[in-house]
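Take a look at the structure, try each task, and then follow the worked solution.

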Number of protein chains: 4
Amino acid sequence: MAKQHIGLIGLGSMGTPLAYNLLAAGYPLTVYNRTAEKVKPLVEKGAKQADKSEDVAQPGGLVITMLSNDEAVKEVAMNDAFASRLGKGGIHLSMSTISPDTARQLAEHHARFGVLYVAAPVLGRPQAIADRKAWACVSGEASAREVAKPILLAGAVQSVYDFGDEPAAANVVKLAGNFLIASAIEAMSEAMTVAGKSGIDRQTLLNLLTETIFPSPIYKNYGQTIIDRTYDKPGGFRLPLGLKDMNLVLQLASEAETPMPLAQLLQNRLQTAVAKGRTDWDWTGLAAGAADDAGL
Amino acid sequence: MAKQHIGLIGLGSMGTPLAYNLLAAGYPLTVYNRTAEKVKPLVEKGAKQADKSEDVAQPGGLVITMLSNDEAVKEVAMNDAFASRLGKGGIHLSMSTISPDTARQLAEHHARFGVLYVAAPVLGRPQAIADRKAWACVSGEASAREVAKPILLAGAVQSVYDFGDEPAAANVVKLAGNFLIASAIEAMSEAMTVAGKSGIDRQTLLNLLTETIFPSPIYKNYGQTIIDRTYDKPGGFRLPLGLKDMNLVLQLASEAETPMPLAQLLQNRLQTAVAKGRTDWDWTGLAAGAADDAGL
Amino acid sequence: MAKQHIGLIGLGSMGTPLAYNLLAAGYPLTVYNRTAEKVKPLVEKGAKQADKSEDVAQPGGLVITMLSNDEAVKEVAMNDAFASRLGKGGIHLSMSTISPDTARQLAEHHARFGVLYVAAPVLGRPQAIADRKAWACVSGEASAREVAKPILLAGAVQSVYDFGDEPAAANVVKLAGNFLIASAIEAMSEAMTVAGKSGIDRQTLLNLLTETIFPSPIYKNYGQTIIDRTYDKPGGFRLPLGLKDMNLVLQLASEAETPMPLAQLLQNRLQTAVAKGRTDWDWTGLAAGAADDAGL
Amino acid sequence: MAKQHIGLIGLGSMGTPLAYNLLAAGYPLTVYNRTAEKVKPLVEKGAKQADKSEDVAQPGGLVITMLSNDEAVKEVAMNDAFASRLGKGGIHLSMSTISPDTARQLAEHHARFGVLYVAAPVLGRPQAIADRKAWACVSGEASAREVAKPILLAGAVQSVYDFGDEPAAANVVKLAGNFLIASAIEAMSEAMTVAGKSGIDRQTLLNLLTETIFPSPIYKNYGQTIIDRTYDKPGGFRLPLGLKDMNLVLQLASEAETPMPLAQLLQNRLQTAVAKGRTDWDWTGLAAGAADDAGL
């Protein structure tokens, strides 16, 4: 049986390996990217190129957006040309990390055109997507979620966590995940600073922690970055984006009437770093706050 | 070659499996416990029983203390009968979780008698010791550390992390570890509270986190306790002991001139729980703070 | 010389004494209030009654708004009927406590009609307005500020503090003032809680503080409320409004890239109180947070 | 009737004006100071000079200590020569700012000799003592308090606040006062930083605040220091002493099971300043923390 056609908007560091995986799995694929040169190698592998973003869609089909922020997703998807072209029964599979608010707005907008919205933000770095070893959390209309799951598995992830019908739920989960990562960074930062100033070898401490009770890539990788103070290395998640995420966490906390003092501390660390001009650092650089305050 | 004789003071939930393992490994063992009935089954396995704590020692030999707090260790070991009986070249292997300050005092006291002090606090629950799957961090005089390592491996742990000559270093490391555990509890608590109030299924969220980026027993076990709110289950680490540890962390922070706002937040949570009378809870109960503040 | 005609929208607890003062000072006055019965006693004193809010304005004249929140001010003033009736050279003297953002939007909206916007939020309770003992901070277009000052002095305040041309400046100042008040409440709350639990007579402590280094009505009045725990007395400033203000402070902090950990703590206290259902309390009730956490 | 003889130990910036006032009021006075040259001008005014600190005492008489810290007071007063010379019915009027713990220890020590301990720490700068415009809080044995009050009024203060029999109570009150001062500094610091970065004139803001709702010397003087950033001016209260006081506040909080997050924030600010080497600053310099974090 012929596989379902997929439209894909966004060929950044996440969208590109996704596209290759989908082609390799045999999905007919039409792609769009703002800068066209990224499209060419995919066309050579069999993808079709769309001239306008909405042209990736087939009526009643499925379109993936994999873009860098809320504004970019809104620009291509919160417009009537996109939704009317997808049309009744079409599915918008939104894999970008966006705010719960934007997710809700998109779902409402699409509903007026009979388009189903599925949120599926991904946990993992570009290489993990290439290896189909990332993870996705998914939420939105039930039948559309079922359509989305095999595509996510074929294109990017090793497993899918289902958070039900509420379109914004998966985005809430993604924010919770990022909050937990930032919390681990702050915790390690304070621990490493006080241990280092007390004469403890920090590398042995990190080895102990990550080989015993915290065998997590988060603790391993971010912990090493804290020891090496390589906050300005390229390729990571920029600090101002981390601040934006923490602002979204606190907005969520406010809506849910849930005081989150640790999230506030993290926002402070990130805000301080931005105010000090560390805008091109990886967000692990929030760890420099504890060191600064200790006079290092 | 005959194995070295070992004296062991303390047959609580940690000391008892340690004693069985040492006997099984062929070490001649003399034990002392305040309540004598715990001694009998070990005597049946070949251990000797001492009537007074200092009588477990052989001149120039090795004595392990595995007791519940600083005061208990000071009572048996910071006295001249103990140190003079162990005598020149004797080793005190201190496996209890005590403060860096007490460790330093013990090392100084022992030095006057030629006794070598080695700190070796253990990470892990009683069952992990029984299975020799716990971990130890070790610090103190170099030659004595080397004597201690095979005994730790035979009796309790799968690996030993060496933090050098400073007697208190291993205790600093243990405190850093407990700080990181409490930080993870607070982070999960805030995340679970805001997610739950936002309609997210908390169990699926925990599964996602611990099967992907946080595959750590800390996140799994404490996270489940937070979801189930089983803070008063027996057998864990009591909340007032957690508060005591966080006070020690902040004392360390003060000595090292290192502001630790996250440690302060954790102290607040634990202090609040104690002030509310939750003194028989497991220290995971600090997680109730975020829920209380959210009106749950 | 005949005095300038004044239009006044809003006859709440603040607007009513203002209206009486302006009439007593000889200003021709036209008033509007949503519930008309509050208008009658003023008409007996010589005021004219408008049927619609925009009808209080005379072309090129001056209109005061004294309403309870941003939405109410926007409804009557961010509309073209209001601004076109006031017209070129007309002045909107906005005395409500609103957000800097709303102030900026109003100024921009009015500018399209040639209407000048002056922000003049007031510090002081209704009785202080009646006695013309309140204070105003003022900002906006320079010539309009000069027109506004004698009217503020005649109607409500003993002095006017001038913060220049930027329309939102006076609202920023008002928020800073509220932040300082809430900070004093939290400080007294923690001090009173720890002193009380340490056996200190709290009334003597408050007397000492307010008769010596803190001879401020804020410390006196709020301090007494904390001692008496009369958080639910009528007539004050509701707790959810305090939370709204603290959210505005933190939004300002975010725009100005200024971490404000004390403002975050206050937001937490207020958010906790709202989550616990204390929505009809005076905002001094944020002080209950420290007492709750101390198990009282 | 002849006035009671007074012994005075400590002729620093606080003790010296106290001594002049007591002489001017007709009290027979014997003084001791570690560096003897400060004694001479007082001898010319009629004071007697003691060669050893305990020699200022007359049996059954009254001795004032006015020294810089706990250690200095303990050295002269927690010794048997001092207490046995004062003897049964003698009074030790302790005017230094010391910890509640030291106060309790002194009271217990003195009791063994029949000496009565009265704590009377003073609020106010040296000039206020010279003008007898400072304030005292007093606690300790009832009859001894009554003896102390007229001496305090003649020597240093305009009024005395009585906190009852518990010897340490007045020291707890003094700590609470310092906590409130530091809280006001932090609050003004955050307010001034966010207002300044938002384009508000900070001097006008300070004038507004201190002429209206905060007419307190604390807000006026410390506020001006924050605006002028003159943290390194001589003559104030050194930052490390402020940190010491905040540590005492948190120790008190711990004993009273009262979480004090604002006190923790202040400790952080002071600890950060010390770690950055600002040890010769006035403690108002804790205000630099908010400015640092805002990238100023």
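**Exercise 1.** Find out how confident the predictor is in chain A and in the model.

*Solution.* Start with the chain: this is a predicted model, and chain A averages a pLDDT of 95. Finally, turn to the scores for the model, which are ipTM 0.93 and pTM 0.93.

**Exercise 2.** Work out how chain C is related to chain A.

*Solution.* First, superpose chain C on chain A: this takes a rotation of 180 degrees with 0.0 Å of shift along its axis, and the RMSD is 0.1 Å. The two copies are therefore related as by a two-fold rotation axis. Now locate that axis in chain C: the nearest C-alpha belongs to C:Gln264, 3.4 Å away from the axis. Last, compare the surfaces: 100% of the contact residues of chain C recur in chain A, so the same surface serves both copies.

**Exercise 3.** Describe the side of chain C that touches chain A: which elements give two or more residues to it, and what kinds of residues does it hold?

*Solution.* Begin by counting, with C-beta atoms within 7 Å as the criterion: eleven residues of chain C are in contact with eleven residues of chain A. Then assign them to elements: helix H11 (239–255) and helix H12 (261–275) of chain C each give two or more residues to this side. H12(C) gives the most, with seven residues. To finish, sort the residues of this side by kind: four are nonpolar, six polar and one charged.

Key
Residues numbered from 1 in each chain as written. Chains lettered and ligands numbered in written order. Predicted model: local features only at pLDDT ≥ 70, side-chain atom pairs only at ≥ 80, totals over all residues. pLDDT = per-residue confidence, 0-100. Least-squares fit on C-alpha atoms with pLDDT ≥ 70 in both. Contact = placed C-beta atoms within 7 Å. Helix = DSSP H or I, 4+ residues; strand = E, 2+ residues; numbered from the N terminus. Nonpolar A, V, L, I, M, F, W, Y, C, P; charged D, E, K, R; others polar.
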